[in-house]
Amino acid sequence: MDLQPYSEAYFMRQALEEARLAFEEGEIPIGAVVVCRGQIIARAHNEVERLKDPTAHAELLAITAATEYMGGKFLSDCQLYVTVEPCVMCAGALFWARLGEIIYGAGEEKFGYRHYAPDIFPRRAKVRGGVLSEEAAELMRSFFATRR
């Protein structure tokens with residue numbers, strides 16, 4: 001497995017670290033990082049419970065931090081690495097932020113955007129899943145096993 005700095009696996013592992021923080025805080029373990037020109041410019045994890053805000057998903061918090069860092073509302077030169085397929089709310093936000101590329105780990109059959117709005121992203125946006133998917137899926141399974 002390629003863990004060289006600046007590799008796809010490296011960036012997804014950073015998102016997985018954020019997801020682990022969420023897990024430790026009792027949040028659904030989803031983490032995200034925004035990368036621009038090979039550098040992480042934002043990182044976040046779910047904070048729905050802590051903030052008592054149903055929109056405080058990792059992707060939305062990462063977008064907010066990244067646009068603040070970049071000083072503008074568009075992230076077309078950036079990539080988002082997120083541990084689980086975005087929900088339709090997050091996919092809409094990613095669309096409006098004009099992310100150049102969205103890379104996710106595990107698919108999400110119940111709440112993922114592909115189930116509700118598979119064509120939400122414009123053709124120019126690169127979207128793909130499956131990067132370190134088993135690690136992301138196992139983190140989710142572990143979290144929900146402790147809740148049942």
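Two strands pair if DSSP finds at least two bridges between them. Helices (H or I, at least four residues) and strands (E, at least two) are DSSP runs, numbered from the N terminus. The model described here is predicted, so local features need pLDDT of at least 70 and side-chain atom pairs count only at pLDDT 80 or more, while totals for chains, interfaces and linings use all residues. Residues are numbered from 1 along each chain as its sequence is written, and side-chain values use heavy atoms, with hydrogens and water left out.

Strand 1 runs antiparallel to strand 2 (residues 39-45), with six bridges joining them. Gly31 has His45 as its bridge partner in strand 2, and Val34 has Ala42. The hairpin of these strands has two residues between them, and Arg37 there takes a positive phi near 55 degrees. Strand 1 also pairs with strand 3 (residues 78-84), in the antiparallel sense, over five bridges.

**Nonpolar cores**

A nonpolar core is a set of buried Ala, Val, Leu, Ile, Met, Phe, Trp, Tyr and Cys residues joined through side-chain atoms within 4.5 Å. The largest has 29 residues, and Val34, Leu75, Cys78, Leu80, Leu94, Leu99 and Phe121 touch the most other members. At least two residues of this core come from each of strand 1, strand 2, helix 3 (58-70), strand 3, helix 4 (88-97) and strand 4 (101-106). Helix 3 supplies the largest share, five residues. Apart from this core lies another, of 13 residues, including Phe11, Leu16, Val131 and Ala136.

Val34 is in contact (heavy atoms within 4.5 Å) with residues including Ile40, Ala62, Ala66, Cys78 and Leu80, not counting residues up to four places away in sequence.

**Empty space**

Rolling a probe the size of a water molecule over the atoms shows where empty space is left. On a 1 Å grid over the protein atoms alone, a cavity is a set of points where a 1.4 Å probe fits but cannot get out, and a pocket is an open set with protein on both sides within 12 Å along at least five of seven lines; lining residues have an atom within 4 Å of a point. Grid points are joined across faces, edges and corners, and a volume is the space filled by probe spheres set on the points.

| Space | Volume | Lining by class |
|---|---|---|
| Largest pocket | about 600 Å³ | 14 nonpolar, four polar, 10 charged |
| Largest cavity | about 30 Å³ | seven nonpolar, no polar, two charged |

Here Ala, Val, Leu, Ile, Met, Phe, Trp, Tyr, Cys and Pro count as nonpolar, Asp, Glu, Lys and Arg as charged, and the others, Gly among them, as polar.

The largest pocket is lined by 28 residues, with Ile28, Glu108, Phe111, Met140 and Phe144 nearest its centre. Helix 6 gives the largest share of that lining, six residues. The lining of the largest cavity includes Leu94, Leu99, Phe121 and Arg124.

Key: Buried means under 20% relative accessible area, exposed over 50%, partly exposed in between (1.4 Å probe, protein chains only).
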